[in-house]
Amino acid sequence: MQRIRPELGLARRMIVSNIWLLEHQGRRLLVDSGHPLERRALRRHLWRAGVRGPGDLHAVILTHRHSDHAGNAHWLKRTFACAVACHEADAPELSGARPPPRMARWRQWPLDHLLCRIEDRWPARCPVDEAFPDGAWKYGLRVVHVPGHTAGSVLLHHEPTGTLFSGDAIVSGIPPLRLFERLALAKPGYSSDVGRCHAATRAFLSDLPPTRTLCAGHGPAVTEGVEQKLRRLLERTGRPDPVPPAGP
C-alpha cells in the first residue's frame with residue numbers, strides 16, 4: 001500500500017480503479033474493492049499491509065455498485081469474514097434482488113459503449129450486510145447521497161481526518177492514469193442520470209466541510225490545496241442546482 005496519510009493507504013499499481021485502506025480506531029476498512037481482474041494484485045497489497053486472514057479486515061464500504069468498485073466485495077467477504085456495506089438504493093441490485101438498469105446505449109462513444117456492455121453482462125454481485133442511509137453513519141463517516149451515477153452512488157466524508165472518498169462522483173484524473181491530476185464530475189457515459197448526480201455533487205461542494213484529502217475512484221490522491229481545488233471545480237462546472245427529486 002502507498003501510504004497517503006498515517007491512517008490512509010492506496011493500493012498501488014491498480015489500473016482499473018482505486019482501492020483505499022482506512023484505519024479508524026484500530027479497525028481496517030476498505031473503501032471500494034476494485035475489479036475482479038485485479039484480485040491477485042489486491043491480495044498482494046493487502047498482505048503487505050497486514051491484512052492476511054479473517055479478522056484483519058473489518059468492513060468493505062462501497063461508494064457504488066459498479067463492478068470496477070464492487071467486483072471483489074464478495075471475495076473479500078468470504079476471505080476475510082468482513083462485512084460489506086453500500087447505500088440502501090444500491091443494495092437490491094448488488095445483492096441480486098433486483099436487476100440493474102441497462103448501461104449500454106447506442107448514443108455513446110464506442111469505448112464507453114463496450115465497457116457498459118461488459119458491465120451489463122457481468123455486474124457485481126454480493127450479499128449486503130448493511131445498507132446505510134444518507135447522513136452521519138459509523139466509523140466517523142458521513143454519507144452524502146449523490147444519486148445518478150448509480151441509484152446509490154455516494155460521497156463518504158471521514159470527518160475525523162477530513163478525508164473525502166468520492167467514488168466516481170468526483171474523479172481526480174483521467175482513467176487509468178494516476179500521474180496527472182484533473183478534477184471532474186461524474187462522466188455521462190457511465191451514469192444513469194448524470195444531471196442529477198452533478199446537481200447533488202455541486203450542492204455538497206457549495207457547503208464543503210473541512211477537507212484535507214480527496215480520495216477519488218480514479219486518478220491520484222489529492223493532498224495539497226484540496227478545498228481550493230474543489231471550489232474551483234464547482235466554479236468551473238456551474239453554480240449548485242436544485243437536486244431533482246427521486247423518480248417513482
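What follows is a chat about the sheet, a helix and the cores of a predicted model.

Visitor: Hi! What should I know before I start?
Guide: This is a predicted model, where local features need pLDDT of at least 70, side-chain atom pairs count only at pLDDT 80 or more, and totals for chains, interfaces and linings use all residues. Residues are numbered from 1 along each chain as its sequence is written, and side-chain values use heavy atoms, with hydrogens and water left out.

Visitor: Switching to helices: which residues of α3 are buried?
Guide: In α3 (residues 73-80) they are A73, W75, L76 and F80; buried means under 20% relative accessible area, exposed over 50%, partly exposed in between, with a 1.4 Å probe and protein chains only. Seen down the helix axis, these residues fall within an arc of 160 degrees, so they line one face of α3. That arc is taken from the directions from the helix axis to the C-beta atoms.

Visitor: What covers them?
Guide: The cover includes β4, α1 (39-48), β5, α2 (67-70) and β6 (83-87).

Visitor: How many residues are in the largest nonpolar core?
Guide: It has 25 residues, and L30, L57, V60, L62, L76 and F80 have the most contacts inside it. A nonpolar core is a set of buried Ala, Val, Leu, Ile, Met, Phe, Trp, Tyr and Cys residues joined through side-chain atoms within 4.5 Å. The largest share, four residues, comes from α3.

Visitor: What does L30 touch, beyond its neighbours within four places in sequence?
Guide: Its contacts (heavy atoms within 4.5 Å) include I19, W20, L46, V60 and L76.

Visitor: Last topic: what about β8 and β9?
Guide: β8 (residues 135-136) and β9 (residues 141-145) are antiparallel, with two bridges. Their hairpin has four residues between the strands, and Y139 takes a positive phi near 60 degrees there. β9 is also joined to β10 (residues 154-158) by five bridges, again antiparallel.

Technical notes: Two strands pair if DSSP finds at least two bridges between them.
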